[in-house]
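Here are my notes for you, written as numbered points. Keep the model open while you read and look up each residue as it comes by.

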Amino acid sequence: GMAALAAASPKRPPWQAWCFLALAMVLNLAIGSAPSYSYWKVGFYKHFTLCGTEGDAGPASSSKDPWGGACWDHTSLSSLYSWCIFGGFICITPGILFDRCGPRATAAYGLVLVNLGIGGMLVLLHVGGTPPVALVGICYALEEQGGAASLYMVAVCVLVRSFPSHLVGIASGGVAIAFGLSGLLWTTLAGSLFGFVEGADPAKTHLVEFLTLVLMATDVAGVAIFLSAPRMLALVEDDDNAEQEPYSGHAVEKGDEDVPRLTESICSLDCLCLMALYSVVSAQVIGMSSYLSSIPTAFPGVHPKVFSMVPFVANVGGRVLYALVVDTLTRCGGRPAITAGNIWINVLYVLCFFALGAVACTGEGPGWLICLMVALGYSAYGGSVCFASSFTKLSFFDGHVGVLIGLLFTVAALASTIFSMFFDVGNSQGSSGVQRVPSDFVAPWVAGGVAALVALPVTLLVAIRALHGKRDPEEMGGYLAVRSVQTGPERGP
């Protein structure tokens, strides 16, 4: 069956794998333009005309506009961020490219898109005038498709295949932590070097220089990934001296009849669990990030400054904590333990969203409860990165990892878009700012709870099947129970 195949991975990763993990973390620190976007976005107003302003409306207002006199309003920046999310989360293309053509081709694809995207934005800023939002958005989407999608995918897929199952949590958690810290890094740089401080005058900001630094940092890290990723995979796959993980089963020949087709992996119950829990349900937390600033305005008991730190601390803390938990579970209980961990993450999501939904419905609730539930949701989201990586390694053929992880992010992006369309935060008071009332949050929070509740039976079924599979020696370790045709009693070819 499908749980009878796996990639062989050594008990101890080579030292080069740790070096590659450090490089992958540097890459994720470099691609932090999206997490810091809310700070440097005002730089566009220095170059483009802002609708409805007089005098200080940008350079295009005082010169001939080659774009026909277009203008941007405050919603234009939100639209631009939507393009960014679209490019960064649609990872199925680099996933397919990774599995079919390898890491070098995928990294090259990413580097080309990064340079086209940021280079395109720099050209538009140099040309002058106010281009359509969609044109700048396409450039931003290309940059995110190249960096946050393609280069990130190369790093994650190589790490998942290079590290043994009991260290995948540490590897994926390290990359996720670095990406989380990238927002803090680039926000600090934007404020200290380029004038993007809170309430900054757009005329005193330096957007061109900021984007140039982002491009240089991404190119340097991306070229390093381009050069090292193929060597890392070759080292793991071709090292005849790599010690294989022990397993309680029989060797399985790696013939065409034993390797599952991609459609079998995608149509499996394990894939349904992966997509339902770590794409659709996790997308609810992604959506929450777009309206976090409104929550303290609706609930007087929530202190704005304290609350602003809760998502960041919980997210990063969850990635650190669950990286250790995932590797411990894998070491002690293998795939059944990881599937039990999936249940825990799912239950946290159910508790988080239904508790928040209840507070929104009643219209009142203590501030500590709201902070606690948001912290639970973001810690579960941070931990989901570690659990999803380990579950993918233990449940699927390694030749399908790129497509499946790419599909994971793509479904998350689509789910976030769909839920934001039908279950967005309301504005019953017609406020022009971020002010909201409790009832405005009922739809997104109840929808998130229902999505988590619907995913729970699938998560439970996968865990029950994994636990039952322990009785079958070939099912014991999922895909990790498989070896290619062995040339000796202690190691594979």
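1. Which backbone oxygen does the side chain of Arg436 reach? The side chain of Arg436 gets to the backbone oxygen of Gly426, at 3.0 Å. A polar contact here is a pair of N or O atoms within 3.5 Å; within protein, one must be able to donate a hydrogen and the other to accept it, and residues adjacent in sequence count only if both atoms are side-chain atoms.

2. Some ground rules before going on. This is a predicted model, where local features need pLDDT of at least 70, side-chain atom pairs count only at pLDDT 80 or more, and totals for chains, interfaces and linings use all residues. Residues are numbered from 1 along each chain as its sequence is written, and side-chain values use heavy atoms, with hydrogens and water left out.

3. Now the overall picture. The chain has 16 helices and zero strands (DSSP runs numbered from the N terminus: helices are H or I with at least four residues, strands are E with at least two). Of its 493 residues, 54% are buried (under 20% relative accessible area; exposed is over 50%, partly exposed in between, with a 1.4 Å probe and protein chains only). Take the contacts (heavy atoms within 4.5 Å) with a separation of 6 or more: 85% of them come from residues 24 or more positions apart.

4. Back to Arg436. You'll find Arg436 in the loop between helix H15 (401-422) and helix H16 (442-469). Arg436 is buried but has no salt bridge, and Asp440, the nearest side chain of opposite charge, is 4.6 Å away. For charge, Lys and Arg count as positive and Asp and Glu as negative, while His and the chain ends are not counted. A salt bridge needs a side-chain nitrogen of Lys or Arg within 4 Å of a carboxyl oxygen of Asp or Glu. Leaving out residues up to four places away in sequence, Arg436 touches several residues, including Ser294, Thr297, Asn427 and Phe441.

5. How many salt bridges does a search of the whole structure find? The search turns up three. In one of them, Arg161 meets Asp398 (3.6 Å, N to O). That pair links distant parts of the chain, with Arg161 in helix H7 (residues 133-162) and Asp398 in the loop between helix H14 (367-395) and H15, 237 residues apart. Arg161 counts as buried at 16% relative accessibility, and Asp398 is buried at 16% too.

6. Arg335 and Asp270 also meet in a salt bridge, at 2.7 Å from N to O. Arg335 is in helix H13 (residues 304-362) and Asp270 in helix H11 (residues 269-288), so the pair ties together parts 65 residues apart in sequence. Arg261 bridges to Glu264, with the closest N and O atoms 3.5 Å apart. Arg261 is exposed, with a relative accessible area of 57%, whereas Glu264 is partly exposed at 32%.

7. Last, the rings. There are 21 aromatic pairs (rings of Phe, Tyr and Trp, using its six-membered ring, with centres within 6.5 Å; planes under 30 degrees apart are stacked, over 60 edge-to-face, the rest tilted). Trp40 and Phe44 have ring centres 5.9 Å apart and planes at 45°, so this pair is tilted. The rings of Phe441 and Trp445 are stacked, because their centres are 4.9 Å apart and their planes at 20°. Phe441 and Trp445 are both buried. One aromatic cluster has Trp40 and Phe44 among its members, along with Tyr37 and Trp72.
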